[in-house]
Amino acid sequence: MNIHEYQSKAIMKEYGIHVPEGYPAFTVEDAVAAAKRIGTPVVVVKAQIHAGGRGEAGGVKLAHSPEEVRKYARELLGSILVTRQTGPQGKKVNRLLIEAGAHIKKEYYISFVVDRESRCVVMMASESGGMAIEDVAAENPEAILKEYIDPAIGLADFQANRMAYALHMEQAVVPKAKTFMKYLYKLFVDKDCSLAECNPLVVTEENEVLALDAKLNFDDSTLSRHPEIVALRDITEEDQKEREAAAEGLNYVNLGGDVACMVNGAGLAMATVDIIKENGGEPANFLDVGGDSTPEKIVAAFKIMLEDDQVHGILINIFGGINKCDVIATGIVEAAALLSGGKEEFPIPVVVRLEGRNVEKGRKILEEAHIVNLFPASSMDEGAKKVIRLAKEQKEKK
Ligand code: ADP
Ligand code: MG
């Protein structure tokens, strides 16, 4: 789960991490009032969306007067911001953060993430902080320094020290930077974060160490013990279809391509996405109907997939275990009838590969239903090739 920058900063502040004085604003009047309350010569107006890259996209504005704050707040609120992290459709700006302008001496990057390979939390930092850390990571990965943290010991003093010196921080700043790192690590562990990132972390002209940007992501499977985090959820930032699917007990992730996949089990979902990619297709989603699919669930899954105009073909790849193939087949037939008003056809090509328990029964049900636009496949590879070809034809027809 993600939260907004201003929410992340409020949590950081609770942990003793220094952040600029700032207030969220939902209206232009809120923004102007916040700027007056802050009272610094420069106030920053920042779009709050669940995506970075706002600075280079015009979502972070320096204002030198309340009039300028008003102007920027007016421009930003309600606008669609397209950044390198939002995708081409962008994200609507419903909230702003108004905060004191800092006298930046130098910008750094710092983050904590769970590193799967070493199975511990890693602290990463760089002197090349600021807006283009993605480029640094891609072109110059050695500029990103790492400290692996032993979970039994936590972030040790020597590690924080080593990092501060490796970042060439001035002597006077080192103790403050160390404190910053230790507090951020404590927050990361306490709140079950999957990511805690400040880009930039800055040293100011006054030699203060400040989190100028803040991003916290939380491990969804721990949310039951963090009601205070759940309360920060902004559902307008979350994918509409992913939310609908979750309500139906389906595990759905939007991937943006044109071949939808309906599978059971996360492993099979990933394999299906891979095989579509390998055959030159673009998966539209990752949809796991789970191990206990009922015909109702299959129908719900179809509805979610067909709502997407970009989807031109569906690959159903089910391995029957607890899920019996005949139950799945019945669900598919019911879905076809329901979606076509009893005509027994699918609006776009649907390729089905069934394997496992009761497979013969399942195949027979599908065969005898004579559904238009339904195509059987006897292997994953055949299924992937077929659905990609059919989706292409469907797209050309449109
Ligand atoms: P994003 O990462 O989405 O581009 P940031 O919060 O990192 O947004 O802001 C982008 C840039 O704007 C920062 O790198 C920094 O140079 C500047 N900036 C952000 N907040 C402030 C602030 N309070 N005072 C001065 N400059 C700021
Ligand atoms: Mg940033």
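Is N199 buried or exposed?

Tutor: N199 is buried, and its relative accessible area is 12%. Buried means under 20% relative accessible area, exposed means over 50%, and partly exposed lies in between; the probe is 1.4 Å and protein chains only are counted. First, some ground rules. This is a predicted model, where local features need pLDDT of at least 70 and side-chain atom pairs count only at pLDDT 80 or more, while totals for chains, interfaces and linings use all residues. Residues are numbered from 1 along each chain as its sequence is written, chains are lettered from A and ligands numbered from 1 in the order in which they are written, and side-chain values use heavy atoms, with hydrogens and water left out.

Now the metal. The magnesium ion is ligand 2, and its protein donors are N199 (O) and D213 (OD), lying 2.1 Å from it. Donors are N, O and S atoms within 2.8 Å of the metal (3.2 Å for Na, K and Ca); water is not among the atoms, so sites may look incomplete. Helices (H or I, at least four residues) and strands (E, at least two) are DSSP runs, numbered from the N terminus. D213 is buried too, with a relative accessible area of 19%.

The peptide bond from N199 to P200 is cis, with omega near 10°. P200 also sits in strand β10. Most peptide bonds are trans.

D213 leads us to the other ligand. A polar side-chain atom of D213 lies 3.0 Å from an oxygen atom of ligand 1. A polar contact is a pair of N or O atoms within 3.5 Å; within protein, one must be able to donate a hydrogen and the other to accept it, and residues adjacent in sequence count only if both atoms are side-chain atoms. K46 has a side-chain N or O atom 2.7 Å from an oxygen atom of ligand 1. For E107, the distance between such a side-chain atom and an oxygen atom of ligand 1 is 2.4 Å. The protein covers 90% of the 540 Å² of accessible area that ligand 1 has on its own. Such areas come from the Shrake-Rupley method with a 1.4 Å probe; for residues, only the protein chains shown count as cover.

Which elements build this shell? Those that give two or more residues are β2 (43–48), β6 (95–100), β7 (104–115) and β10. In total, 18 residues surround ligand 1, and the closest are K46, R54, G55, E99 and E107. A residue is near a molecule if one of its heavy atoms lies within 4 Å of it. The shell divides into 8 nonpolar, 5 polar and 5 charged residues. Ala, Val, Leu, Ile, Met, Phe, Trp, Tyr, Cys and Pro count as nonpolar, Asp, Glu, Lys and Arg as charged, and the others, Gly among them, as polar.

Last, the domains. Domain 1 (1–19 + 104–238) and domain 2 (21–101) each give at least three residues to the shell around ligand 1. The assignment also gives a domain 3 (240–397). The C-alpha centres of domain 1 and domain 3 lie 41 Å apart. These bounds come from an automatic or database domain assignment.
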